[in-house]
Amino acid sequence: MSTLGYAVHDSMTMLRRNVKHAVRYPAVSLGSSMLPILMLLLFVYAFGGAIGGGMGGGRDAYLEYLVPGVVVMGVAAGAMSTSIAVCSDMTEGIINRFRTMNITRSSFMTGHVIGSVLQTMVSLVLVIGVALALGFRPDATPLEWLAAAGFLAAVAFARAAFPDGQLYVDLQGAGPRPAEPQTVLGSFLRALGTADSAVPESLEERAALYRSVLDGRRVLVLLDNAKDAAQVRPLLPGTEGCAALVTSRVRMVGLAGAHLVDLDVMSPEEALALFTKIVGQERVAAEKEAALDVVAACGFLPLAIRIAASRLAARRTWTTSVLAAKLADERRRLDELQAGDLAVKATFELGYGQLEPAQARAFRLLGLAYGPDLSLAAAAALLDLGPEDTEDLLESLVDTSLLESAAPGRYRFHDLVRLYARACAERDEHEPGERAAALSRLLDFYLATAARVYAIERPGDRTVEHLHPYDHEGLSFAGHQDALDWLYAEADCLLACVRQSVAQGSLRRAVDLLIVAKDLAESGANAHQFGAAATVVRDAAAEAGNALVEGRARTTLAQVHLNAGRFDEAEAEAERAVELAGAAEDPWIDCNAPSERGIVAAYRSRHAEAETYLQRTLTAYRADGNLPGEASALCNLSRVHLSMGRVDSAVELAESGVAVYRHLGLTVRLANGSYALGLALAESGRAEEAEARLSEALTIFRDSRQRLWEGMTLFRLAEVRLGERPAAAAALAEQSLSVLLHVGGDWRRAGVLTVLGKSLDALGETDRARACWTDALSVYDRLGSAEAASLRELLSPAATG
């Protein structure tokens, strides 16, 4: 490495050292008309300082210097007054240069000394920029050339903007004894030429004199490592032409006129590029997927990526896969992310160590939840606090950058911060059972609230009376749409809670939460995650020998498989659930398990068997006093009778079910009844009535976000219109295919393709019709479905000749 390279490397090393004092997210605040130019100057400084793989950084190191945590605050003081704060890594580089001049951190300079320091700093920047521009790195990208040019422009502006010098102080905000503003002002005044005898005693007098001395000067004041706004406020110049740069680990929202700009973590592409620059192109290219796993495990946080990459670069016998495997263990991940004096855990420890007891407790307990984020209401339940107190605590954690507010009323951790919070809970939560109690409160909150949604959607359904008791009241909703909005917004968190509750041993409440959240599966939007959670519950219950929970989970899984058109899996789950019914002695299983078994048999054209199971279901619902369930069984029996050619009884059964639904004022269930009645009326030749009932069902399904049944109702409407209005039928079938693209399974889509082909054939579009039938036939052949025979007839030369 050249002399220049070593000099720059040493400077960059000092810059990086301060990364460990920062929390993950920075906030940059600026004010007044100088904002755009100063932002350019300061960001280009960090960016340019990070350029050059041979100098220990690389272009991606720009974010490493900024992202780990800094708050830049700005306060306007007149038309030209601006305060800015820049990453503390920059200030550490300046400090390094100060040390070479034998000036301590607490020293302050003015006149020729300030000019000398600023000139030295600018000269270093200029040298780096020129070196890059002259080819110091032959493989420099166009972006790096641009940064080098930007460096030179920044230097010119720095000298022009602040010709009277710079003041610097480390306010030691992250330490146990932060600097007193009164002491700092005294040092500032002396550095600005004020005699010791002229420095007043009180803070107010020193602040006033400080601003008077700065009046008419253009000085850059760098306040590094600030504790809070109260510490900073007396130190702001407040005079036209001056600027203050404030670095801090917290957001100083108390500074009037501040403008905050958050910098996010790296994109996957940027993260991989940084990792590659340190590890080497050859090693990463050989195991790119493993490299992506590594940067993802680092949460795309530059400090973590640099540490992980440095460890791999120093161990030539390791492969990238070895490192990925080490980081895959969440309990060990933070321990693995340590190299020399750099450690991700140490970064977080600085912030955690300054929290008040209530903040620290909230931080620990919030990290226990598995979900991607938490609503304010869920956090309040977990913490066992009121919503106002909870919001105050959470917002204070956001201000310290230990927590993020992704949207109003929602909070989340960075993945690595969450792991640290959990580690703190294990280490510091001394109250026996407090962690388990917090998670139990969260589960009760989700169960109680989801049960309310279920009751709003299905009034009169006794399922909610067969749930495990819970202690939380749950949220209240103004109406049907508000309830559904909550359910779908909380889907990921709710299903994560189910999986976590299984790990905690709360099997009964976990399966009950799935039961009352069944709309998530029926809508199709969360069917995969829902099925995965139900599988976890089923397996845990089977291992524990809990027949009741296993029976409920298998019944729920049968519903999921039916919705997806996986009839073999649905039948296996339903059959086992029926077998468990006796041991479980559970009214809910007695009603629902045979219902799923009957529906599977109906799809398999085993109509007599289907009727037997559905009659058993009807009897169980009546014994339980569950009127909506009784109506559901009647409608399912109607469809079986229809398949058996008993059209009149099919219409009668469906009409009986619809009458119950209308009496109870049901919504989604009324749509199910109208759907069944529409099918029966269509088969009886009453097409106009059938279309009315199906249109009614379609409106309700759409309103209730039931994508599966919306698509199936469009399909049935296409069947009704096929005879007299083939163009309208084709349009409806195409809509159905669009809706059923990711829900319902291939078997249902094949049925829609068949009707679409018939519609197109009636319109004279034979080639398109045959294409639809060919696709449908391939599905039926793959599934071994009986419908394949009718498709072959449609595709035969005699049918199309």
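Predicted model: local features only at pLDDT ≥ 70, side-chain atom pairs only at ≥ 80, totals over all residues.
Trainee: How many bridges join strand 5 to strand 6?
Mentor: Residues are numbered from 1 along each chain as its sequence is written, and side-chain values use heavy atoms, leaving out hydrogens and water. Strands (DSSP runs of E, at least two residues) and helices (H or I, at least four) are numbered from the N terminus, and two strands pair if DSSP finds at least two bridges between them. Strand 5 (residues 220–226) and strand 6 run parallel, and the bridges joining them number five.

Trainee: Is strand 6 buried or exposed?
Mentor: Buried means under 20% relative accessible area, exposed over 50%, and partly exposed in between (1.4 Å probe, protein chains only). Ala243, Leu245 and Thr247 cover one side, and Ala244, Val246 and Ser248 the other. Six of the six residues in strand 6 (residues 243–248) fall under that cut-off, so the strand is largely enclosed by the rest of the structure: buried.

Trainee: Which side chain meets Glu426 in a salt bridge?
Mentor: A salt bridge puts a side-chain nitrogen of Lys or Arg within 4 Å of a carboxyl oxygen of Asp or Glu. Here the N to O distance is 3.0 Å, and the partner of Glu426 is Arg331. The pair links distant parts of the chain, 95 residues apart: Glu426 in helix 20 and, in helix 15, Arg331.
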